Amino acid sequence: MSNYTKTEPSTIRALFDSIAPRYDLGNALMSGMLHKLWNNRLVSFACKSSPKNVLDLCSGTGEIACMMQKRLPAHYTLVDFSEEMLAIAQKRLPDAAIYQADVEQLPLQDASFDVATCAYGIRNVRNREKAFSELYRVMKPGGSVAILELTRPKQKILSRLHALYLTTMVPLIGKLLTSNQDAYRYLCNSIHSFVAPELLVQELEKSGFTDIKVKPETFGIATLFTAKKA
Ligand SMILES: C[S@@+](CC[C@H](N)C(=O)[O-])C[C@H]1O[C@@H](n2cnc3c(N)ncnc32)[C@H](O)[C@@H]1O
């Protein structure tokens, strides 16, 4: 049985610590580079308002902040609970403010950020209500958030092919790259068991966000959610 069937934060953190050195390569192989396209959509939205203070939640190795920094000089703050993922982010973004913390309890001041991003992170978070409430607290009024997540296509045949890919190819790629098939099996399970986009919208609304938009990418394999703090 997988060591990563439980979803305690400490287990998830250990998982990302263990795959950190090969995480970016794994992403590229598993998505067939499609993640670059989805990341670009997220970054384009996030840069649109020329924010001065940007927060990247579940930042991992800093991929999103790096992409943004190339387009936009701003102050970047990264939060993630995996020390090993952040060690890579720190090297890539020496000027960023980096916090090792759980996004359910942000060590950040109220109303500090113009824009916040979160890519492929929210499905790992145990208590999204807490995380969204914290996110709302630290956003400035008028600030925008963009959440990118891996989702399941709605179309039946595509959905079956997608499930097959997740259960066969992804753990195999994980095994080849990191000898940690369990970790990649967990990542697949987390995509499978993640809530439907409609529910995520309700959760964002409940936390106070407005102007929520949902944009499926590549037949719904990924979804970009955007919202505002009024
Ligand atoms: C799939 S990676 C995504 C990394 C990055 N955003 C990217 O686009 O490549 C998910 C990241 O979320 C972090 N994470 C998951 N749950 C978290 C939580 N509750 N608090 C802080 N970080 C969390 C993990 O440590 C991991 O680095």
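Me: What should I keep in mind about numbering and confidence before reading the model?
Reply: Residues are numbered from 1 along each chain as its sequence is written. Because the model is predicted, local features need pLDDT of at least 70 and side-chain atom pairs count only at pLDDT 80 or more, while totals for chains, interfaces and linings use all residues.

Me: In what order do the strands of the open sheet stand?
Reply: Strands are DSSP runs of E with at least two residues, helices are runs of H or I with at least four, and both are numbered from the N terminus; two strands pair if DSSP finds at least two bridges between them. Here seven strands form an open sheet in the order 3-2-1-4-5-7-6, with mixed pairing. Strand 3 (97-100) and strand 6 are at the edges with a single partner strand each, so one side of each has no neighbour in the sheet. Ignoring direction, neighbouring strands are turned by 15° against each other on average, where axes are lines fitted to C-alpha atoms, for helices over the stretch in contact, and angles between N-to-C directions run from 0 to 180 degrees.

Me: How many bridges join strand 2 to strand 3, and do they run parallel or antiparallel?
Reply: Strand 2 and strand 3 run parallel and are joined by four bridges, with Asp-80 standing opposite Gln-100 in strand 3.

Me: Why is strand 7 described as largely enclosed?
Reply: A residue is buried if 20 or more other C-beta atoms, placed from the backbone, lie within 10 Å of its own, exposed if 12 or fewer do, and partly exposed in between. In strand 7 (residues 222-228), six of the seven residues are buried, so the rest of the structure largely encloses this strand. Strand 5 (residues 139-150) runs antiparallel to strand 7 and is joined to it by seven bridges, and Leu-150 has Ala-222 as its bridge partner in strand 7. Strand 6 (residues 210-217) is also antiparallel to strand 7, through six bridges, and Lys-215 is partnered there by Leu-224. In the hairpin of strand 6 and strand 7, with four residues between the strands, Thr-218 takes a positive phi near 45°.

Me: Is Glu-198 buried or exposed?
Reply: Glu-198, found in helix 9 (residues 197-206), counts as exposed because it has 8 C-beta neighbours inside 10 Å. Its C-alpha atom is separated by 8.7 Å from that of Val-214, 16 residues apart along the chain.

Me: At what angle do helix 7 and helix 8 pack?
Reply: Helix 7 (residues 156-178) and helix 8 (residues 181-192) pack at an angle of about 150°, and their axes are 7 Å apart. By class, their contact has nine nonpolar, five polar and two charged residues; Ala, Val, Leu, Ile, Met, Phe, Trp, Tyr, Cys and Pro count as nonpolar, Asp, Glu, Lys and Arg as charged, and the others, Gly among them, as polar.

Me: Which residues are closest to the ligand?
Reply: A residue is near a molecule if its C-beta atom, placed from the backbone, lies within 6 Å of it. The ligand is surrounded by 21 residues, of which the closest are Phe-16, Cys-58, Gly-60, Ser-82 and Ala-119. The largest share of this shell, four residues, comes from helix 1, and the shell divides into eleven nonpolar, five polar and five charged residues.
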